[in-house]
Amino acid sequence: MRSLAAVLFAAALASAQPDRARFRHIIVDSSDSRPIDPWGKAVGDLNGDKRPDLIAGGRKSGGLAWYENTGDMSSWKRRPIAAGAGFSTDHEVADVDGDGDSDVVSIRDGLLWYENARGDGSDWAAHPVSPETLHDVEVADLDGDGMPDLAARNQGEWGDGTVVFIHRQEPRGTFTAAAKLRVLDGEGLLATDLSGDGRPDIVVNGRWYENRNRAGEAGQWREHVYGEDVWPNAFLAAGDINGDGRTDLVVAPSERDHDFHKRISWLEAPAGPSAPWREHTILGDTQAVHHFVGVADFDGDGELDVATAEMRQGDDPDLVTVFRNRGKGGSWQRFDIADTGSHSMRIADLNGDGAPDLFGANWNTEADPRGAPVEVWLNEWHKAVR
């Protein structure tokens with residue numbers, strides 16, 4: 001049963017926020033055989049038809065599945081990658097073995113990747129990488145040899161978040177554990193170029209590590225501080241928020257439900273790697289249950305906006321929200337587009353109209369014994385704004 005607060009919120013949303021209609025909500029899969037407790041999600045073209053497909057893994061049951069983008073947003077076809085349960089919070093799509101098609105990197109009783117054996121998503125071969133318990137994984141060429149490497153981290157609240165495990169790829173999709181990067185305990189991981197040298201750096205809660213590696217190396221990292229007061233359990237995103245040509249960071253507090261009075265903020269990148277960052281609040285006095293933050297130009301005005309989602313254990317209502325950038329990150333206009341929340345969402349142009357859409361699913365089954373559905377929100381807002 002939905003709480004009275006959630007019901008009242010939905011009524012107020014419908015009457016007071018016409019902008020909600022500009023994101024069209026579609027249930028992709030609510031069947032009993034779908035991934036149940038779908039912690040991790042990803043997006044990528046798995047069958048080579050140039051359309052982005054959806055990936056979700058069931059923590060409780062339903063396996064790791066991908067949903068074929070047929071071009072009809074109301075008709076997605078579920079395809080298996082792997083059966084069973086235990087899939088964790090992160091999956092990534094990349095051509096791991098360099099054969100021209102998209103593979104899937106996953107966390108399930110350790111780190112592994114699934115080879116897209118025929119290139120069309122019909123046959124998958126599992127390749128274990130490492131046995132560590134993990135929460136986040138990033139895929140990037142960290143050592144400059146032209147092959148994607150893996151960086152992975154656990155979370156501090158329910159484990160040890162003090163190590164980023166870096167796995168260098170050797171030829172033919174094999175990996176060598178090249179380095180253990182020691183970081184502050186906590187949660188959150190991102191690989192993005194903050195130094196502007198074309199090499200992906202590593203970002204965690206409050207710190208970023210400049211990639212100082214030459215080709216064939218993966219253990220040379222220089223630590224920089226971007227925020228001394230960043231909440232340790234962080235969901236991270238990157239983008240040029242103020243249009244100055246530098247990559248900024250966006251941070252949301254992701255754990256736990258009893259932690260209040262936190263904030264979603266963006267950190268303004270300075271001109272030099274050792275100069276201080278300036279923090280700007282997007283939303284203050286909020287609960288630490290925002291297990292997603294992402295950036296994209298949702299309204300088509302040329303500036304990057306911010307999307308967030310509250311996971312289910314937050315106080316009702318659990319929101320999916322878009323914050324519209326009203327001018328170089330100086331002010332933000334809030335639009336709550338759903339009151340059911342979500343978790344580890346992804347942003348992609350799913351229907352090919354040039355606008356970023358949202359894909360997600362909440363993570364647990366407490367509110368509904370049948371579990372959270374797999375769902376998308378199609379962006380129709382940018383058409384109205386223009």
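**View 1. Charges of the predicted model.** The protein carries 39 positive and 67 negative charges, and their mean positions are 1 Å apart. Lys and Arg count as positive and Asp and Glu as negative, while His and the chain ends are not counted. Each charge is placed at NZ of Lys, CZ of Arg, CG of Asp or CD of Glu. This is a predicted model, in which local features need pLDDT of at least 70 and side-chain atom pairs count only at pLDDT 80 or more, whereas totals for chains, interfaces and linings use all residues. Residues are numbered from 1 along each chain as its sequence is written, and side-chain values use heavy atoms, without hydrogens and water.

**View 2. The fold as a whole.** The protein has two helices and 28 strands (DSSP runs: H or I of at least four residues for helices, E of at least two for strands, numbered from the N terminus). Its C-alpha atoms fill a box of roughly 60 × 50 × 40 Å along the principal axes. Of the 386 residues, 55% count as buried (under 20% relative accessible area, 1.4 Å probe, protein chains only).

**View 3. Valine 374 in its strand.** Valine 374 lies in strand β28, which covers residues 374–379. With 1% relative accessibility, valine 374 counts as buried.

**View 4. Valine 374 and alanine 271.** These two residues are 103 residues apart in sequence. From C-alpha to C-alpha, valine 374 and alanine 271 are 41 Å apart in space.

Notes
Buried means under 20% relative accessible area, exposed over 50%, partly exposed in between (1.4 Å probe, protein chains only).
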